Amino acid sequence: MLWGAEWFVFGAGVVGMCVSRYIGTRSAEPEVLVSSVESRSSVLAAVLTAVLTLLLWGVAMRTAPPFSQGQDLAFGFLIGGFTGALMYLAATRLRTRRTSGYFKVRCCALLESGFAGVSASSLVMVLFRTHPTDAMMGFAIGAIMASVLMFYSLLLRTEAFDASVLVWCFVCLITSSGTVLCANHFDSVNQRFLWSLPILTTASALVAALATVLALPRSLFDSNPGKGAGLAALLGGILTVVLSAVYAWRFGPKWELLEATALGAAVIGVCAWLAASALRSAEEKTAGLDVATFGVLLILGFVVAEFKLWSGLGIAIGLASALSVAVPVIALSRPPGSGEEFVRIYESFLGTALAFTLFRVFLALYQPAADKTDLHVHYSFVGAILGAIFPFALVSSMDRLGLISTFRKGAVGDLCALAVSAFLGFLAAAAPVVIYLVWQLKAVVGFMCGLSASLVFLLFVQLFEYSTGTGRPARSLADYSPIPMVLAAQLAGIQFVKSFIKFSPSRLIQFAVLGSAVLLGLVWFAVTSAAARRAVRQKEGDNANS
């Protein structure tokens with residue numbers, strides 16, 4: 001039986017962090033010192049994350065919906081937010097190791113992030129193993145809040161794409177959404193011992209990746225990094241499937257676990273090959289849209305097949321097992337510059353699959369309310385369109401905010417990047433609630449679906465622009481990833497719409513909410529556009545004077 005598996009996973013996560021840290025610092029390569037600017041930015045962000053966590057924890061201690069009567073949501077949020085703050089302090093050191101010339105050092109930096117995420121999620125399971133749903137949702141919301149602040153403050157300030165933050169975020173959301181789906185799927189008392197399967201599968205995938213990377217000789221990675229990473233991903237995937245076969249036989253038998261694990265590792269591996277193929281053909285300026293088409297069809301096939309195998313739980317299990325393949329592949333990139341386009345494309349594949357997982361969580365938790373709702377097609381269509389264009393509106397704002405943030409110097413620039421990141425995160429979290437107040441649940445269902453579809457469109461844009469090779473603009477839509485924002489909006493829809501299910505707003509309230517949202521959007525566009533133009537003019541003036 002799986003009783004006590006959460007303690008085992010927690011211990012495995014802590015040991016995995018220590019081993020990854022030890023291997024990453026054993027390198028003979030001179031250690032890259034962290035700049036004072038990065039240290040200041042990390043401390044400011046960690047303090048802001050901790051303060052926001054405490055404030056929102058106090059709000060979540062209420063017992064009225066959408067908060068849980070036992071304050072499980074609040075304490076899950078507290079764990080997610082504070083581990084995010086600690087992750088922010090560690091991310092600066094991990095970024096220096098991500099620039100290493102040694103593949104094993106870069107891979108261990110990513111694995112350390114992954115083990116940190118699985119340790120935090122298993123801690124939530126240890127504390128709330130008999131009723132984990134609310135606590136895991138709180139943990140996911142706290143983790144995505146910290147990830148939005150970490151990822152976008154760095155992206156807007158330095159245009160750097162921090163893969164270690166995204167790996168940590170993905171691990172936290174895969175384990176939390178998988179646990180919620182698992183508790184929903186195995187809803188009898190006799191099946192509670194299976195609720196730890198998602199975090200156990202995630203930990204097994206990370207351990208498999210670490211074991212294969214350590215077992216392969218360093219000379220293989222130095223002479224041919226692509227071949228070495230591919231072999232590590234292949235062996236890690238095989239080892240994960242073997243472990244899942246043991247779990248499937250021992251705890252059931254549950255052969256759906258083996259099938260979901262094998263399918264997830266295989267599909268994500270093929271996605272890596274597709275992304276690499278698109279970039280290899282950049283000189284001929286071909287294959288970008290073809291790869292996007294095949295990749296999207298592959299992801300959709302993965303979602304459908306996993307759902308057929310094991311309902312929504314199969315999608316989460318497949319993604320968890322795919323980490324054994326994804327981490328070595330992502331470690332191929334060496335920032336700044338080397339392989340970053342490949343990582344952005346590949347993590348868009350992962351983010352799209354994770355968005356479909358969260359959409360499935362939404363449907364599972366809101367199925368009773370949706371069954372009682374008259375789902376008019378036109379309202380669902382409106383929600384789907386808004387969900388499809390919402391991330392692109394955020395990306396457009398990021399382009400302007402990036403100009404503003406990079407123009408500011410010192411601590412003022414750091415605080416500016418953090419403030420606008422927090423505001424964008426607030427907009428993402430408020431969007432599903434606003435849509436519910438105006439068009440009710442039928443539109444929110446469409447909005448959640450549209451958010452998942454938006455990542456498909458982004459994938460097309462990225463592959464098309466990156467596969468055209470040289471000549472594309474320095475800043476483009478493909479360079480700004482809305483994945484954390486999309487996931488934040490989906491988590492807010494899952495958790496906070498439920499508080500308004502029994503509320504029927506009057507037409508006056510609906511017009512007031514819609515008018516306020518439109519007015520806020522227009523003011524936001526006008527202010528950020530004016531500030532961006534001012535920053536560009538002043539920068540051009542400084543260049544002319546120099």
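Predicted model: local features only at pLDDT ≥ 70, side-chain atom pairs only at ≥ 80, totals over all residues.
At 28% relative accessibility, Val382 counts as partly exposed, and this residue has its place in helix 13, which covers residues 377–407.

- Val382 and Gly450 lie 68 residues apart along the chain, while their C-alpha atoms are separated by 9.5 Å.

**Helix 4 with helix 6**

- Helix 4 (residues 103–127) and helix 6 (residues 163–185) have axes that come within 8 Å of each other and cross at roughly 30°.
- Because angles under 35 degrees count as roughly parallel, helix 4 and helix 6 are described as roughly parallel to each other.
- The crossing in which helix 4 passes helix 6 is right-handed.
- On the side of helix 4, the residues that meet helix 6 are Leu110, Ser113, Gly114, Ala116, Gly117, Val118, Ser121 and Met125, and their partners in helix 6 are Ala163, Ser164, Val167, Trp168, Val171, Cys172, Thr175 and Thr179.
- Sorted by class, this contact of helix 4 with helix 6 holds nine nonpolar and seven polar residues, with no charged residues.

**Helix 6 with helix 7**

- The axes of helix 6 and helix 7 (residues 197–215) come within 7 Å and cross at roughly 150°.
- From helix 6, the residues making this contact are Val171, Ile174, Thr175, Gly178, Thr179 and Cys182, whereas helix 7 contributes Pro198, Ile199 and Thr202.
- The contact of helix 6 with helix 7 is made up of five nonpolar and four polar residues, and no charged residue takes part.
- Val171, Thr175 and Thr179 of helix 6 are among the residues that meet helix 4, and these residues are also among those that contact helix 7.

**The kink in helix 3**

- Helix 3, formed by residues 72–98, has a kink of about 35° that is centred on Ala90.
- This helix is mostly covered, since 20 of the 27 residues of helix 3 are buried.

**Gln440 between two helices**

- Gln440 is found in the loop between helix 14 (410–439) and helix 15 (441–466).
- The phi angle of Gln440 is near 70°, which is a positive value in a residue other than glycine.
- With a relative accessible area of 17%, Gln440 is buried, because residues under 20% relative accessible area are placed in that class.

Key: Residues numbered from 1 in each chain as written. Heavy atoms only, no water. Axes fitted to C-alpha atoms, helices over the stretch in contact; angles between N-to-C directions. Helix = DSSP H or I, 4+ residues; strand = E, 2+ residues; numbered from the N terminus. Parallel < 35°, antiparallel > 145°, perpendicular 65-115°, else oblique. Left-handed = near helix turned anticlockwise from the far one by under 90°. Contact = heavy atoms within 4.5 Å. Nonpolar A, V, L, I, M, F, W, Y, C, P; charged D, E, K, R; others polar. Bend = angle between axes of the 7 residues up to and from the residue. Buried < 20%, exposed > 50% of the residue type's maximum accessible area, 1.4 Å probe, protein only.
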